[in-house]
Structure formats: structure tokens, C-alpha cells
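Reader: Please take one part of this model and go through it closely. I want to know which way its residues face and what lies around it.

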Amino acid sequence: GDVVVTGDIPLAAKCIEAGAQVLRHNGERFTQANIGQQLAMRDLMADLRAANPLGAGGSGKGFTKADRSRFLDALEREIRAAKSAG
């Protein structure tokens, strides 16, 4: 019945393996079906950054009101699901 909020993909993989429901800060879910792809993309991006140390590092996109709303909706769904399963 655990719900974890993290942007750390390896941590998300460990939490999924332990049976937790895992959300990103923007409400997207990490699942058994997508965590492998997420880990592979993370590793690829790390390799690309390492291969071009002088390249401009991206600062990412800002956290919008829509992201906040999506996160709060997803978090509420996960908590309700965890309560009903427990």
C-alpha cells in the first residue's frame, strides 16, 4: 500500500520491485511496463552528456499549474487505491 513520489529513476525501479506505486512530481506513473524504458533512456542521456562535456546542459522545463494539478489528481487516485487495497 505504499505510494512513493520521486524523480529518481533507479529508486523508482527499486520501489516498484518492492510493490509500491510510484509517481513522478508531475503525476506520471512509473510502472513495471515502463520502468525498463525509463532506465534505458536515463542511461542513454547520461552517456550522451558524458560524451559531450562542453555541451550546454538543459535546465529542464518549468513546473506549470497543469503539472501541479495532474500530480495532485494522480496522488489522490494512488492514495485512494492504496487505502482500498489495504
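Author: The model is predicted, so local features need pLDDT of at least 70 and side-chain atom pairs pLDDT 80 or more, while totals for chains, interfaces and linings use all residues. Residues are numbered from 1 along each chain as its sequence is written, and side-chain values use heavy atoms, without hydrogens and water.

The part is helix α1, residues 9–17 (helices are DSSP runs of H or I with at least four residues, strands runs of E with at least two, numbered from the N terminus).

Within α1, Ile-9, Ala-12, Ala-13, Cys-15 and Ile-16 are buried (under 20% relative accessible area; exposed is over 50%, partly exposed in between, with a 1.4 Å probe and protein chains only). These residues lie on the same side of α1 because they cover an arc of only 165 degrees around the axis (taken from the directions from the helix axis to the C-beta atoms). An α-helix has 3.6 residues a turn, so residues three or four places apart point the same way.

The buried residues of α1 pack against β1 (3–5), β2 (21–23), β3 (29–30) and α2 (contact means heavy atoms within 4.5 Å). Helix α2 spans residues 35–51 and includes Leu-44, which is partly exposed at 43% relative accessibility.

On the face of α1 turned away from its buried side are the exposed residues Lys-14 and Glu-17. Just after α1, Gly-19 has a positive phi of about 100 degrees.
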